[in-house]
Amino acid sequence: MAARKKLDPGALATDLGVLMLIGIVTPSRLADSMGTAASTGAYRTVWTVLRDALPPLLSKDLSPAESRGLGELLTVAAECAERTGAQGVMPGLDPIAARRGSSRLVSQARRLRAALAGT
C-alpha cells in the first residue's frame with residue numbers, strides 16, 4: 001500500500017495506538033511486524049507510523065504487564081529514526097529515558113531520544 005501511495009500512516013498510527021491501549025494489539029507483536037517491514041527497506045514508512053503511534057502509549061502509566069514488549073517496539077523505532085535521520089521530540093519519551101536502570105525499555109528510550117536529538 002505504501003509503495004502505491006495508498007497507505008495513510010497517520011490513520012494507521014491512530015488505529016494501532018488505540019488498539020495497543022485497549023490491549024488488542026500487543027507492543028511485542030507490533031514490534032515483530034514493524035521490524036519485518038523495516039527490514040525490507042520501509043524505514044521511513046515504519047518511522048512515520050511509530051512516530052504517531054507511540055506517544056499515547058508512552059504517556060500512559062503502564063503496568064509491567066502492559067509495557068511488556070514496549071522495549072522491542074522502541075528498538076524498531078530507534079533503528080528507523082537512526083536510518084532516516086528523523087529529528088524532533090516524542091511526547092512521553094523523556095520520562096522513560098530518564099528512569100534509572102538499564103532495562104531494554106529504558107535503554108531503547110534513551111537510544112531513540114539520542115537519535116531524535118541528532119546525537
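**Exercise 1.** At what angle do helix α1 and helix α3 pack, and how far apart are their axes? Determine also the handedness of the crossing and the residues that meet.

*Solution.* The model under study is predicted.

Step 1. Locate the helices. Helix α1 covers residues 9–21, and helix α3 covers residues 43–59.

Step 2. State the geometry. The two helices pack at an angle of about 35 degrees, and their axes are 8 Å apart. The crossing of α1 and α3 is right-handed.

Step 3. List the residues in contact. From α1 come Pro9, Gly10, Leu12, Ala13, Leu16, Gly17, Met20 and Leu21. Their partners in α3 are Thr48, Val49, Asp52, Ala53, Pro56 and Leu57.

**Exercise 2.** Which residue forms a salt bridge with Glu72, and which parts of the chain does the pair tie together?

*Solution.* 

Step 1. Find the partner. Glu72 forms a salt bridge with Arg104, and the closest N and O atoms are 3.7 Å apart. This distance meets the criterion because a salt bridge requires the atoms to be within 4 Å.

Step 2. Glu72 belongs to helix α5 (residues 70–84) and Arg104 to helix α7 (residues 104–117), so the bridge ties together parts that are 32 residues apart in sequence.

Step 3. Glu72 is partly exposed at 32% relative accessibility, and Arg104 is partly exposed at 45%.

**Exercise 3.** How many salt bridges does the structure hold? Describe two further examples that involve helix α7.

*Solution.* 

Step 1. State the total. The structure holds 5 salt bridges.

Step 2. Examine Glu82 and Arg111. Their side chains meet in a salt bridge at 2.7 Å, N to O. Glu82 lies in α5 and Arg111 in α7, 29 residues apart. Glu82 is partly exposed at 41%, as is Arg111 at 26%.

Step 3. Examine Asp94 and Arg113. The closest N and O atoms of this salt bridge are 3.8 Å apart. Asp94 lies in helix α6 (residues 93–97) and Arg113 in α7, so the pair ties together parts that are 19 residues apart in sequence. Asp94 is partly exposed at 39%, and Arg113 is partly exposed at 35%.

Notes: Residues are numbered from 1 along each chain as its sequence is written. This is a predicted model: local features need pLDDT of at least 70, side-chain atom pairs count only at pLDDT 80 or more; totals for chains, interfaces and linings use all residues. Side-chain values use heavy atoms; hydrogens and water are left out. Helices (H or I, at least four residues) and strands (E, at least two) are DSSP runs, numbered from the N terminus. Axes are lines fitted to C-alpha atoms, for helices over the stretch in contact, and angles run from 0 to 180 degrees between N-to-C directions. A crossing is left-handed if the near helix is turned anticlockwise from the far one by less than a right angle, and right-handed if clockwise. Contact means heavy atoms within 4.5 Å. Buried means under 20% relative accessible area, exposed over 50%, partly exposed in between (1.4 Å probe, protein chains only).
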